[in-house]
Amino acid sequence: MVEAKLASARVTTLFKFAKQIYVGGAAAGGTLLLVLRDSVPLALLVGWFAALLGAMLVRLAVQAGYARAGEAADPERWERRFALATFAIAAVWAFVPGALFPTGSELLQTAVVVLVAGVVMAGAGLYAASPLVVRSFVLLPMGATIAILVVQPDAMHRVLAVVMVVFTFIILRVAREIRRSLVEALRARLEQEALLDTLPVGVAFVARREVVRCNRRLEQMLGYGPGELTGRSTRAWFRSEQRWDAAADEAYAQLARGGIMEADARLLRKDGTSFWCRLQAQAVDPAAPRESAIFAFTDADERVAAETALRDSEERLRLAVDAAGLVYWEWDRESGLISSGGQTQPWSEYRERVHPEDRDRYLAAVDAAWKDDLPYSAEYRLLDREGRVRWISARGKTVRDRTGRAKRMIGVAQDVSERRQQEEMVRFLAYHDALTGLPNRRLLDDRLKQALYRAQRRDAALGVLLIDLDDFKDVNDSAGHRAGDAVLREVAMRLGGCVRKADTLARHGGDEFVVVMADLAGESDCQVVAEKVHRALAPEIRIDGRAFSLGASIGIAVFPGDGTDADALLRNADSAMYRAKQLGRNHYRFFGK
């Protein structure tokens, strides 16, 4: 599945980049007309230029056909069609050295050679996504140019022919390297998208109120095709700009206060229909929430419909609850029995099944509903009859008799364990590295600052170790980024065994990790950990049958001598790490020593 998507993405990239060649190709053809206007019969030149435009129109027709095919396009078939149309353009350019090569003027001959080579080089770069298209465009015109140079009577032309042979080889080699880098980038992007697409909720990454990336679930919820939401303003989710502006301003105000924004919102589908959605968001940086944020969407149409029906009447509530898949419950105060999902049990028994950490909050909500006639609403953990802990969202209201005495309470309950897990996932993604599961730079900064505050209050020492893997680039170069990711996960696991539970191990970025050690007895504590790291990384790491040997260069900075704030400690640890790296593989150094 990934390889099929990769092939489709590669061909899509080929057609996307090819749009840039049409104006340039026509301009190059016009330039050739000007260069050769006095050396070649005008009718021949005009005929050649007409053939060039005709071949380019054929390629434009192929491009338009691919755009109309959309998701149904077979990448291999359209790649072959593109290559065939490109070959026609290449044949027209091959006609230049074959039939339009000027005689008697070495300057004009050189201009023709340079122009053809320039067109070929530009095309090879833009067509690098497909080796078939590159060969279709490069070999014929370059071969014709080399052939015409070889048959010239003087040695200078033959030397130029050799240069063109070398230049052709370089063009093909560079195009191959561009393609390899492009494929690796596309593969990494598709793997990230595949991970997002496994989530049961819609997820969008938004920067400056535009969708940077989203998963397929969100596109389906809003009725868009693959990739249609990317680049769109989030205004598309609301019926009016006024409604959107008010909602967005309130949402970003909540994000700026540092919490997760959560609210019900009525969103607009592409076809103009709307639905209720539970929206949760987390700013990547609370200090600038409008710059980038992560949004999660859960379809809440059924739940909101059920809650509306609850306010209308008890009978309509029962119907709505059945339609929405919620659980209707009723609590008789006199008998002390609570009925839910067709089962009845004493309320005292039900209360004991509520998680101890949530019980006081649950009882406070219940008491307020009975005493003050307030609407009852609570979310709490409950041990179900199979022994599993489930998150329950319950809402209800009291029913009073003719004397005004609260007699019973009715309401609905919903298992929201999945939503809670989704919220935890959003929080986790905001503060942890998706590859290794370690704290990311944002969480590292917070923990380091907290550790510094404690160290200052206690007049204690604190150490920061910056670990940079040696020879990690060789892993990516020789085995690819997938193997590199597997190596980083293994390194993270090994490093985790080298630190105390009270320490913080974080991924700082790339192949760099940071350890924050609090309550040091002395610098020797940092030295012990550094040596543990070297021992932990000494055994080979085996990935897919291949063995990799890695070391680590470690820089150490100690508070307060090497810095009194987080930035200074990290900066000095980084400086010490570079000194360690200069000494060779697998060394550690303290800052200033």
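Modeller: The account below begins with the helix packing and then turns to some individual residues.

This is a predicted model, in which local features need pLDDT of at least 70 and side-chain atom pairs count only at pLDDT 80 or more, whereas totals for chains, interfaces and linings use all residues. Residues are numbered from 1 along each chain as its sequence is written, and side-chain values use heavy atoms, with hydrogens and water left out.

The protein has 19 helices and 18 strands, the helices (H or I, at least four residues) and strands (E, at least two) being DSSP runs numbered from the N terminus. Of its 593 residues, 46% count as buried, where buried means under 20% relative accessible area, exposed means over 50%, and partly exposed covers what is in between (1.4 Å probe, protein chains only). Among contacts between residues at least 6 apart in sequence, 58% join residues at least 24 apart, a contact being heavy atoms within 4.5 Å.

With helix H6 (residues 131-150), H4 packs at an angle of about 15°, the axes being 8 Å apart; axes here are lines fitted to C-alpha atoms, for helices over the stretch in contact, and angles run from 0 to 180 degrees between N-to-C directions. That angle makes H4 roughly parallel to H6, on a scale where under 35 degrees is roughly parallel, over 145 roughly antiparallel, 65 to 115 roughly perpendicular and the rest oblique. The crossing of H4 and H6 is right-handed, a label given when the near helix is turned clockwise from the far one by less than a right angle, left-handed being the anticlockwise case. On the H4 side the contact includes Phe 82, Phe 87, Ile 89, Trp 93 and Pro 97, and among the H6 residues that take part are Leu 132, Phe 137, Leu 140 and Ile 148. The residues of this contact divide into 16 nonpolar, 3 polar and 2 charged, with Ala, Val, Leu, Ile, Met, Phe, Trp, Tyr, Cys and Pro counted as nonpolar, Asp, Glu, Lys and Arg as charged, and the others, Gly among them, as polar.

From here one can move on to His 157 in helix H7 (residues 155-197), whose contacts beyond four places in sequence are with Glu 106, Gln 109, Leu 149 and Gln 152. His 157 is buried, with a relative accessible area of 4%, and its side chain makes a polar contact with the side chain of Asp 154 at 2.5 Å. A polar contact is a pair of N or O atoms within 3.5 Å; within protein, one must be able to donate a hydrogen and the other to accept it, and residues adjacent in sequence count only if both atoms are side-chain atoms.

Arg 507 lies in strand S13 (residues 504-509) and is buried at 14% relative accessibility. A polar atom of the Arg 507 side chain lies 2.9 Å from the backbone oxygen of Gly 510, and Arg 507 also touches residues including Asp 433, Asn 440 and Glu 512.

Some backbone details complete the context. Most residues other than glycine have a negative phi, and most peptide bonds are trans. Asp 519, in strand S14 (residues 512-520), has a positive phi near 55° and is partly exposed at 46%. Asn 586, in the loop between H19 and strand S18 (588-590), has a positive phi of about 65° and is partly exposed at 30%. A cis peptide bond, with omega about 10°, joins Phe 559 and Pro 560, and Pro 560 sits in the loop between strand S17 (551-559) and helix H19 (566-582).
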